[in-house]
Amino acid sequence: MRRPNWVPAGTDLDKPNAARVYDYYLGGSHNFEADREMARKAMELWPDLPQIMRANRAFLRRSVEYLAEQGHTRFLDIGSGIPTFGPVHEIARAIRPEARVVYVDHDPVAVAHSRLILKDDELCSVVEADLRDVPDLLSRPEVAELLAPGEPVVLLLVAVLHFVKDEDEPEKLVARLRDALPPGSALVICHASLEGRPDQAGSHQDLYKRTPTPLTMRSLERITGFFEGFELLEPGVVFLPEWRPDRPEAVGAHPERMTGAAGVGRLP
Amino acid sequence: MSEGLSQDDPDGRAAEFHDAWAGLLRAGHGSAVHPGTLSRLAGRSADLLHRARQDEEFDARLAEQAGAMLVDSHFTDPAVLADAVVLLQRYPVRDGRGPALCGAFAAGWAAALRERTLREQEAIRLAADTARQEVERALRSSEARFRALFESAAIGIGLGDTEGNILAVNRALQEIFGAGPEDMRGRRVNDLVHPEDTPGVWEAYEELISGKRDYFQFDKPYYRHDGEVVWTHLTVSLIRDDDGVPQYQVAMLEDITDRYRLQERLRHQATHDPLTGLPNRAAFFERLDDLFEDPEPGARFGLCYVDLDGFKVVNDSLGHDMGDQLLTAVAARLDAALTPLGHMVARLGGDEFVVLLENCRGEQEAVAAAKTVLAALAKPVLIGDHKLAVGASVGVLERRIATTTPGAAVRAADLTLYRAKEAGRGRWTLFDPKENARAVSRYAVSVRMPSALDRGEFFIDYQPMVDLASGSLVAVEALVRWRHPQLGVLGPEEFVGVAEETGLIMPLGRWVMEQSCGQAADWVARFGERAPKLSVNLAVRQARNAGLVGDIDRILRSTGLDPAMLQLEITESTVVGPEDEALKALHAVVDMGVSLAVDDFGTGWSNLAYLRDLPVSGLKIAGSFVGDLHDPAKDTHLGWRIVSGLVSLAHTLGLTVTAEGVESRADAERLRLMGCDWAQGWHFGRPVRPGEIARRIAEVNLPAADFAREN
């Protein structure tokens, strides 16, 4: 049963939380012992994890930079978590000082943290909402205003769709968000894939089962499917380092070791 | 001082260090940083380190700044520190300040990391606290909302655990129970039993608290604190925990005492005679209808229709008040004498009473009841100073339920009563079908009948005829009814005889033919091949009428009904000999494509020879054969053998056999095994309005078809 929306989610600090675990992988200290314990265990099994998270963060940066250079100034970052470093508004404003960002997360601690950081930023807002309830998410005034007709919006679903279970029908959620986007908008996705390190996928998903946000890795084919209705920009859906690298040699010898699949699509 | 880099470094070691330093930063965390940003960071930090190495006077702060600069740019991985120290050692400094420089760099990095860690921990703690406060605030306000909802609800709400302990009740519930908060404390749900509790309410309660059901609803009485009874509409719901284990029960009660009392009073008023307190006419007919609703095959009932002798004299001479007192006394005596026997005594109106015997065992029992009525009224009634001798006449009817209808039964009992009155008062008379028919026609039928057709008092019901092998509806028999203004609805057996005698059968028969053919054509238009064939009874006089062929031809043309969809039912007496006029007409009708069946086969004194001359294609075995199979007085075995013989006779002659009066599944199955083709009777459906037939056609799978599929 879904909670009625006026009863907020709990803030149980004794359970690991995806946003804070991610922060720990990236060398941040916005985390608690339960988060670190889980992260340490995960890293013991899969020492590449911090590197993967950095690749993920680098993709976010490159995609936002690219889209800002294309002229985008509105960003909707769903599953923004704790922006340990390089949050979207900072990246975008280096190119577009007028860039506006709405951050959305369903973790009350992550939301509270983002609000503390952004309380004086008039062009950014933070919304506590759940990606699995798209109508509710779209009805929030901050989101509705950002999506108002006129200017295209960049919808960022970075490392969040793999926290949506199949039974919650992630394809339908993305399609509903797509239908709310003005023409010319863009969709940015990165998602844990099964193909990069099939040997690691099972045990890693098991670890996340204990968290309030279990992880579902998906095939490249399904991840590509999220872009239905969008025109995929070059180079399509690829492993994280392969998406428009800063320098050709930055791709490295084994981009698949970064396991995450990434892509950017444009809404006609 | 940074511009001095190349001057103080003639061998180019500084440029080399710078490159190595930039390469170090590009690895690890640097991969996530924009190349331009990274290169600016590398330049600025390398510059600081350069100055720390080359400046005349060693300034540790420059190295510390460089270390802090990395942390500020999120180079927090200890591996960066290790790599940096290795690199610094690889480029030694002349005056041996290298270790101090490394130490200062490491200290700067560590101090910045410590600051950053503390700052971030503080920030995340603050965020967690803020979030928690927000949650608590929301919980408090939601709790406050719930409390307000609970306390100020107009409906009574109580919360209990699954042990039955009452944990909380709201104000409205206290008001319903007339109790204060302290009165409810420590009470248990089980204390709230009331002797008038609806059956099943406590079973439902047990099922609820054990988790077998999630809610129930009943109207339930409770004792208020002052001992008064309060009636409530009660809804109890179960609340489970996340694992589905029952936790609490929530009861919601609405005070419906006034509504309940009013309903009770209205119900009593609606079903009881205000003068005598006996069940009234409506209650009697309701009970009678229930009895006819779904009778056991072979079930019987009895009616004693009672009318006081000489009541009018009492009323006229002693006044209505005395009359009313007499009626009350009579009612009390009848009630006392017959109700203990399990019979229902009702007042139909005026000085008419009726006794209903359910599950009657035979005529003797009904007659015994009539005698009890007379005995109960034998002694004079004492009212004031008057000793009133009241007698009564009783009409007794005792029948198998399946052979009649409530309306016909009461009418028959009433007419039997009149025969008792005519025969002299103070006696009972038993129903006689012939006398009854005579009485019906004498009293009402013949006089009114001629104008009844013009007034539109006739209508047609249709009885389903079912194919025994497939269970599907194959035909319907058209049965004319007369909605008589005084007698109610009369069946054909009650007026067709008179119609034949008076000649009205001709226009009536034509009307039935027109109406039913039109109806049948409509079903064909709507349902195509699923439409049933139409079977219409043809009276003797119609068959002998010269206009018959022309009439049928005209009706078939005007309605558009395919002649093959029409079957005429004639009786054995229609054709009396090979020279009969009727024979020619019937041949002509069959030549048109209409089929012919003999109705009530086996009940006349059959001259089987006519089967040779008549172009019939079907026989209908009279209902009395099948019906009698349940009469304990008749030989069942023999009855079945007669039916079986008739079936094989018909099949030998190539005729279709229809069994009438089939009332049970067992009989239907037995007939099917005998090879009987079609059947009709209550088991397959009573005569009903055409709309009901249409509904059955529309349902492809008829419920009555079940028995055929089971075998």
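Hi everyone. Before we start, please keep in mind that this is a predicted model, where local features need pLDDT of at least 70, side-chain atom pairs count only at pLDDT 80 or more, and totals for chains, interfaces and linings use all residues. Residues are numbered from 1 along each chain as its sequence is written, and chains are lettered from A, with ligands numbered from 1, in the order in which they are written.

Let's begin where the two chains meet. Ala, Val, Leu, Ile, Met, Phe, Trp, Tyr, Cys and Pro count as nonpolar, Asp, Glu, Lys and Arg as charged, and the others, Gly among them, as polar.

H5(B) also has a partner in its own chain. The axes of H4(B), residues 78–90, and H5(B) come within 10 Å and cross at roughly 160°. Axes are lines fitted to C-alpha atoms, for helices over the stretch in contact, with angles from 0 to 180 degrees between N-to-C directions. H4(B) and H5(B) are therefore roughly antiparallel (under 35 degrees is roughly parallel, over 145 roughly antiparallel, 65 to 115 roughly perpendicular, and the rest oblique). Among the residues making this contact are Leu81(B) and Leu88(B) of H4(B), and Phe105(B) and Trp109(B) of H5(B). The contact residues divide into 9 nonpolar, 2 polar and no charged.

Now compare a pair in chain A. H1(A), residues 18–25, and H2(A), residues 33–45, have axes that come within 9 Å and cross at roughly 60°, so H1(A) and H2(A) are oblique to each other. Here Arg20(A), Val21(A), Tyr24(A) and Tyr25(A) of H1(A) meet Asp35(A), Arg36(A), Met38(A) and Ala39(A) of H2(A). That contact has 5 nonpolar, no polar and 3 charged residues.

Next, a strand. Buried means 20 or more other C-beta atoms within 10 Å of a residue's own, exposed means 12 or fewer, and partly exposed is in between, with C-beta atoms placed from the backbone. Both faces of E2(A) are covered, with Arg100(A), Val102(A) and Val104(A) on one side and Val101(A), Tyr103(A) and Asp105(A) on the other. E1(A), residues 74–78, pairs with E2(A) in the parallel sense over 5 bridges; pairing needs at least two DSSP bridges. Leu76(A) stands opposite Val102(A).

Finally, the backbone. Most residues other than glycine have a negative phi, and most peptide bonds are trans. Ala159(A) has a positive phi, near 55°, and counts as buried because it has 24 C-beta neighbours inside 10 Å. Asn359(B) has a positive phi too, near 50°. Is Asn359(B) buried or exposed? Asn359(B) is exposed, with 12 other C-beta atoms within 10 Å. The peptide bond from Glu234(A) to Pro235(A) is cis, with omega near 5°, and Pro235(A) lies in the loop between E6 (231–232) and E7 (238–239) of chain A.

Conventions: Helix = DSSP H or I, 4+ residues; strand = E, 2+ residues; numbered from the N terminus. Contact = placed C-beta atoms within 7 Å.
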